[in-house]
Amino acid sequence: MLAKKLSASEVTDPALYFNRRNFIRAGILAASAVATGAVYRRLNPAGGGEVNTPLIQGVTVPAPATDPSGFRAADRQTSLQDITHYNNFYEFSTDKASVAPLAANFNTTGWRVSVEGLVKMPRVFELDDLLKLSPPEERIYRMRCVEGWSMVIPWVGYSLSKLLDAVEPLEEAKYVAFETLLDPKRMPEQSAGVLQWPYVEGLRLDEARHPLTLLATGLYGRALPPQDGAPIRLVVPWKYGFKGIKSIVKISLVASQPRTTWNSEAPREYGFYANVNPHVDHPRWSQATEQRIGEFGRRPTLMFNGYEEQVGHLYAGMDLRTNF
Amino acid sequence: MKEANLRFTKLLVLVNCAVPAALLAWDAWNHQLGANPVKFAILTTGMSALVFLMLTMLVTPLRKISGLNWIISFRRTFGLYAFFYACAHFLIFFALDRSLSISGTLSEMAKRKYLIVGSTGLLVMVPLAVTSTNAMIKRLGGKRWRALHRLAYVAAVAGVIHYYMQVKADTRQPLAFMGVLAILLGYRLVVYLRQRRPNKIPSNARCKANLPKKLSPTVVLDRTFPSHEHVEPKSPPNLPL
Ligand code: HEM
């Protein structure tokens, strides 16, 4: 009796056994798929997240959309989500979707910008003083990246010329050089040797003085999110995006053409001028068309990014193939 | 491994290899491919193709080193998935970036050298996929099949170079892939050299050397063996004289 009872309880019902085995297998299958999914997500981040920088008070709207100033492009604006989650900002990551999360806690308190060099009134600006130098305007600009994509961004800021007027460049000043913050603790990828840090950019003085050249402090009516170059950046809408240096700490007026980051990285591929030009290809890809973010299919790229009327005269008589 | 377990493991591999495609489709359906969805899809499928090419090449060394022979059953799965992702990669580029324009695709290829390299990789994978069935292995014979399937090395090298050529400045990831590929190819080179070592002297030269001078060596060899390749190098033939 006893022996019979024991054996009956010891032998698991085959149906139950197979059920349990299937159950475990389904578990293994699901767990492994989740793990593979995690690897996939790690290798290919798509990006996402919120923007909650403060609103900027008293933004003015300079001119109607038809104004020849080019201040207000009539194109459909790119969404705030896309503008803030598709960023080239190598100081944080070389992956465009990873910049926003990695830059999220970027601290800009106590930010100063030194304006120096060949000027009558060199000055180190506290950020607040710099923001108050001229009333903030909304400027809707096309932005064309050298990689072949583009956006339409409602920036907030004022013409760089306002700042240049305030410091009074000397006669010998021919170029303006810009520098990004150098602080690997706050900009982690600066410890990697992908580019030479700090990031530097430059403009000819007449380009810098052009009313379209913008010192931007915000977009979509808000203060600049870190991933877009907080707290203050340059926007030059007729040039490829990499000319728009971010998180600026130094602006110097100089006599000769300054070294610029991408140009020294690959002089054959990225020129000092870097004017948007559908007729001069990048050595590794065509610049004739662009992928407008948010649109389906590619659209033709315009000469000087559509600002030829405003800026064409700056390059009169220049060979744009050699001065690319 | 027990048959039932092997079948389950095969299912496990089959399902996991499909995860990138499933997530890509799911994210596309939910508009979660980020700001530049077409580019995102091109990059993820390209990355998947490359990862699966590497996995395919990892199977044989892993099997030889670990002695786990059943690993071999996954080589074909990995290889076909590599081909699948590479095809998806190309088709997304052709359909959504180039808007199905053949001239647009060709003119872009002329401008971007890395597309020609990538296309080489994809093209050499076509005969491999076609001859991946058991029936094809039988038809070709193991030796010829193996020789043909060394084209997988060409695909992997082309894939990695294609990747390296198109990055703007951050070459860390393509270089990491290059490192992995170098190890995988290096392993095969070592195996090949080791197999060759006992017979450094070409076999027919040795046969010639052993022959009495007055005999014509070619005639003898031709009578014995239909072709020189069939000379078994390890044991010099007893010449039927
Ligand atoms: C063996 C075949 C191929 C492999 C393994 C492969 C792999 C890759 C990889 C790993 C990337 C970079 C992904 C990333 O940056 O995350 C890539 C990018 C790319 N591949 Fe391929 N590829 C192959 C064939 C092709 C073919 C045949 C074409 C088209 C003719 C092509 C077009 C592209 C394009 C357009 C990009 C994106 C470049 C960019 O805009 O950044 N690939 N591929």
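**Ligand shell, chain interface and cysteines**

In this predicted model, a polar side-chain atom of B:His162 lies 2.7 Å from a nitrogen atom of the ligand. This pair falls under the heading of polar contacts (N or O atoms within 3.5 Å; within protein, one must be able to donate a hydrogen and the other to accept it, and residues adjacent in sequence count only if both atoms are side-chain atoms). For B:Gln166, the distance from a polar side-chain atom to a ligand oxygen is 3.1 Å. For B:Lys39, it is 3.4 Å. Four elements of chain B each give two or more residues to the shell: helix 2 (37-66), helix 3 (75-97), helix 5 (113-130) and helix 8 (151-166). Helices are DSSP runs (H or I, at least four residues), numbered from the N terminus.

There are 23 residues around the ligand, counted as near if one of their heavy atoms lies within 4 Å of it. B:Lys39, B:His89, B:Leu115, B:His162 and B:Gln166 come nearest. The shell has 13 nonpolar, eight polar and two charged residues. Here Ala, Val, Leu, Ile, Met, Phe, Trp, Tyr, Cys and Pro count as nonpolar, Asp, Glu, Lys and Arg as charged, and the others, Gly among them, as polar.

The model is numbered from 1 along each chain as its sequence is written, with chains lettered from A and ligands numbered from 1 in the order in which they are written. Local features need pLDDT of at least 70 and side-chain atom pairs pLDDT 80 or more, while totals for chains, interfaces and linings use all residues; side-chain values use heavy atoms, without hydrogens and water.

Chains A and B meet through 38 residues of chain A and 37 residues of chain B, where contact means heavy atoms within 4.5 Å. The area buried between them is about 3200 Å². Buried area is the accessible area (1.4 Å probe) that two parts lose on being put together, summed over both. Carbon and sulfur atoms give 56% of it. On the chain A side, A:Arg25, A:Tyr40 and A:Arg284 lose the most area, together 21% of what that side buries.

B:Asn36 sits in the loop between helix 1 (3-29) and helix 2 of chain B. Beyond its neighbours within four places in sequence, B:Asn36 contacts A:Tyr86, A:Trp149, A:Gln291 and A:Ile293. Its relative accessible area is 5%, so B:Asn36 is buried (under 20%; exposed is over 50%, partly exposed in between; 1.4 Å probe, protein chains only).

The structure holds zero disulfides over all chains (cysteine sulfur atoms within 2.5 Å). For B:Cys17, the nearest cysteine sulfur, that of B:Cys87, is 15 Å away. B:Cys17 is buried at 2% relative accessibility, whereas B:Cys87 is partly exposed at 24%.
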